[in-house]
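Here is a short walk through the model for someone meeting it today. Keep the view open beside these points and turn it as you read.

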Amino acid sequence: MPIVNEIMSVAVQVITPEATLQQAARMMLELDVGALPVCRDVTLLGMVTDRDITVRGVAAGLMPDTACVAEVMTTTLEFCTEDQDTEEVMRTMGQAQVRRLPVVNMEGELVGIVSLGDMARRQPGHIDQTVREISEPSN
C-alpha cells in the first residue's frame with residue numbers, strides 16, 4: 001500500500017475564516033471543488049463545503065455576501081498525516097463518512113488533501129468498502 005504523500009494533491013487552495021460565503025462559493029466554482037480547507041497561514045482551522053454554504057448558511061438565512069466562512073465551517077474534522085498508510089486513511093474516511101481529508105505534516109501544518117478519487121486512481125480495487133461506508137445513511 002502506498003502512503004498518503006505519494007497520492008495526495010499538494011497544490012491545495014485554502015480560504016480564510018474571514019472570507020465571505022460568496023467568496024468561498026466563487027472559489028469552489030473556479031477550482032471545480034466541493035470543499036476548501038480553512039486556514040490561517042498554514043494552520044488548519046477547519047473545512048467548508050458547498051453543502052455547509054447551502055445548508056448552514058443560505059438555508060439558515062445568512063447573506064452570502066456578508067456572512068463569513070467561520071460561521072458555517074466544520075471545525076471538528078478528521079485529517080491524516082502525510083506518512084500514513086492509505087489503507088488506514090480509507091478506513092478513517094469510511095468511518096467519518098467523508099470523501100476527502102486534509103493532510104498535515106508532523107508540525108500540524110496543512111501540506112495537502114487526499115480524496116476518494118485519489119485513492120480510486122491509485123488503487124481502484126481497494127475502495128469498495130470505503131464507498132459503502134461513506135454512502136451509509138448517517139443517524
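1. Two strands count as paired if DSSP finds at least two bridges between them. Helices (H or I, at least four residues) and strands (E, at least two) are DSSP runs, numbered from the N terminus. With that in hand, look at strand 4, where the bridge partner of Cys80 is Val103.

2. A word on the ground rules. This is a predicted model, in which local features need pLDDT of at least 70 and side-chain atom pairs count only at pLDDT 80 or more, while totals for chains, interfaces and linings use all residues. Residues are numbered from 1 along each chain as its sequence is written, and side-chain values use heavy atoms, with hydrogens and water left out.

3. Let us start with helix 1 (21–31). Its buried residues are Leu21, Ala24, Met27 and Met28 (buried means under 20% relative accessible area, exposed over 50% and partly exposed in between, with a 1.4 Å probe and protein chains only). These residues span an arc of only 125 degrees around the axis, which puts them on the same side of helix 1; the arc is that of the directions from the helix axis to the C-beta atoms. Leu29 and Glu30 are exposed on the other side of helix 1. Asp32 follows helix 1 and has a positive phi, near 55 degrees.

4. What do the buried residues of helix 1 pack against? They pack against strand 1, strand 2 and helix 2, where contact means heavy atoms within 4.5 Å.

5. Next comes a hairpin. Strand 1 (residues 35–40) pairs with strand 2 in the antiparallel sense, over six bridges. Two residues lie between the strands, and Asp41 in the turn has a positive phi of about 60 degrees. Within this pairing, Leu36 has Val48 of strand 2 as its bridge partner. Five of the seven residues of strand 2 (residues 43–49) are buried, so strand 2 is largely enclosed by the rest of the structure.

6. Helix 2 (residues 50–58) has Asp52, Ile53 and Gly57 as its buried residues. They cover an arc of only 95 degrees around the axis, which puts them on the same side of helix 2. Their packing partners are helix 1 and strand 2.

7. Now to the open sheet, which three strands form in the order 3-4-5 with mixed pairing. Strand 3 (80–81) and strand 5 (110–115) stand at the edges with a single partner strand each, so one side of each is left without a neighbour in the sheet. Strand 3 and strand 4 (residues 100–104) run parallel and are joined by two bridges. Thr81 stands opposite Val104 in strand 4.

8. On the other flank of the pairing, strand 4 and strand 5 run antiparallel, joined by five bridges. Val103 stands opposite Gly112 in strand 5. These two strands form a hairpin with five residues between them, and Gly108 in the turn has a positive phi of about 80 degrees. Why is strand 4 described as largely enclosed by the rest of the structure? Because four of its five residues are buried.

9. Helix 3 (residues 86–96) lies across strand 3, strand 4 and strand 5, running at about 130 degrees to strand 4. Axes are lines fitted to C-alpha atoms, for helices over the stretch in contact, and angles run from 0 to 180 degrees between N-to-C directions. Thr86, Val89, Met90, Thr92, Met93 and Gly94 are buried in helix 3. At the N-terminal end, Asp85 caps helix 3, with a side-chain oxygen 2.8 Å from the backbone nitrogen of Glu87. Just after the helix, Gln97 takes a positive phi of about 55 degrees.

10. Please also look at Asp118, which is placed in helix 4 (residues 116–122). Is Asp118 buried or exposed? At 7% relative accessibility, Asp118 counts as buried. A polar atom of its side chain lies 2.9 Å from the backbone nitrogen of Ser115. Not counting residues up to four places away in sequence, Asp118 touches Ile7, Met8, Ser9 and Ile113.

11. Finally, the cysteines. With a disulfide taken as a pair of cysteine sulfur atoms within 2.5 Å, the count comes to zero. Cys39 is buried, at a relative accessible area of 2%, whereas Cys68 counts as partly exposed at 23% relative accessibility.

Conventions:
A polar contact is a pair of N or O atoms within 3.5 Å; within protein, one must be able to donate a hydrogen and the other to accept it, and residues adjacent in sequence count only if both atoms are side-chain atoms.
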